[in-house]
Amino acid sequence: MKPGAETTATLHDVARAAGVSIKTVSNVIHGYPHIRPETRERVEAAIAQLNYQPNRAARSLRSGRTDMIGLIVPDLRNPYFAELADDVMRAARERGFSVLIEQFDLDRESELAALRNAHLRGLDGILHSVLTLEPGDAALLERVPVPLVLLGERIFDSSRDHVTMRNTEGAQAATAHLLDLGRRRILALGSHPSEEMGSPSLRLRGYADALENAAVPFDAALVIPVDLWHRADGAEAMRAVLDAGVAFDGIVAFNDSLALGALRVLLERGIRVPDDVAVIGFDDLDETRYSLPALSTINPGRSEIARTAVELLASRIGGADAGPPREVFTDFTLVERESTVPRH
């Protein structure tokens, strides 16, 4: 072969280099779970060495698959969902899938439209972060004609797998952390009074449980409702609390964006963090490492959520799993940073 001539590696070439069958190579590419780790490593090494590029169009015609999954999320301005999308794309890429992202507004009709649009795009499967749908909508989810894995807190009695975080336990740990520092007037920043499901109510429950365990009375005046969970909403709520003269020495913010907005206002007003007020968030966004002070937070296992959800979806797509629906709760960790350093 002349120098500089280009060749295109085939499935046969990869199989030969890895010492396996063509079927095994195909199974690795499609993300089938029941393959020995050492076999998968040999095939992936051969793919990388030969720079094998699957012909997706031809494979789609033969198999009826597109090797593309959908991710439906609300409000990508919320950094949590932006970082979740990044985690999902990374996990999907490892299994040979591309990801189409559908964003919906914070209302039921927009969410339903996003779900309809996603399953009409010829996707192999869908990850759906549920926000506004209710348990009575389970029948709608059953009618989605492709494998579907649900993300988020709203639990449906359906045949769909569900991956979520430990909201109540995480918020309880965050509140207990401040209580252990001697804080007793702790704001719960981010409640949605009209909502009985979802993150706000679950995290408020964890906050209340921690107070009860510490024999600290629950004070409704310290529960601060917020319509949306952006930085601006946290800042606005913090200004209102300070202007009202509410006494407090700690803040459990129901997400990091609210905490970061509140931090800004506290610093503007000359309130020292953590000396005067200790602040902890929830989500462990990347930017919390770089705020001043760096924000303590709850890491809810976002990367694990993404990885587990993609694995479940790939297994359903591949037909390797026809078992009952699974509900998976990821583990959380409390990340202590400068915003809750104990008083000296």
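Predicted model: local features only at pLDDT ≥ 70, side-chain atom pairs only at ≥ 80, totals over all residues.
**Helix α12**

I started with α12, which covers residues 302-318. I wanted to know whether its length fits its residue count. At 1.5 Å a residue, its 17 residues should span 24 Å, and the end C-alpha atoms are 24 Å apart, so the two agree. Next I looked at how covered the helix is, and 13 of its 17 residues came out buried.

**Asp256**

I then went to Asp256, which sits in helix α11 (residues 256-268). What I did find is a polar contact of 2.7 Å between the side chains of Asp256 and Thr297. I also listed the contacts of Asp256 beyond four places in sequence; among them are Gly281, Phe282, Asp283, Asp284 and Leu295, as well as Thr297.

**Salt bridges**

Side chains of opposite charge can pair when their charged atoms come close. I counted 17 salt bridges in the structure and picked out a few.

Glu38 pairs with Arg36, with the closest N and O atoms 4.0 Å apart. Glu38 is partly exposed at 41% relative accessibility, while Arg36 is exposed at 57%.

Asp86 pairs with Arg90, and here the closest N and O atoms are 2.9 Å apart. I checked where the two sit: both are in helix α5 (residues 79-94), four residues apart, which is about one turn of the helix. Asp86 has a relative accessible area of 30%, so I put it down as partly exposed. Arg90 is also partly exposed, at 48%.

Asp331 pairs with Arg166, the closest N and O atoms being 4.0 Å apart. Which parts of the chain does this pair tie together? Asp331 is in the loop between β11 (327-329) and β12 (333-335), and Arg166 is in the loop between β5 (161-164) and α8 (167-180), so the bridge links parts 165 residues apart in sequence. I noted Asp331 as exposed at 52% relative accessibility and Arg166 as partly exposed at 28%.

Last, I looked for salt bridges that share partners, and found Glu83, Asp87 and Arg302 joined into one network.

Methods
Residues numbered from 1 in each chain as written. Heavy atoms only, no water. Expected span 1.5 Å × (residues − 1). Buried < 20%, exposed > 50% of the residue type's maximum accessible area, 1.4 Å probe, protein only. Polar contact = N/O pair within 3.5 Å; in protein donor to acceptor, adjacent residues only side chain to side chain. Contact = heavy atoms within 4.5 Å. Salt bridge = Lys/Arg side-chain N within 4 Å of Asp/Glu carboxyl O.
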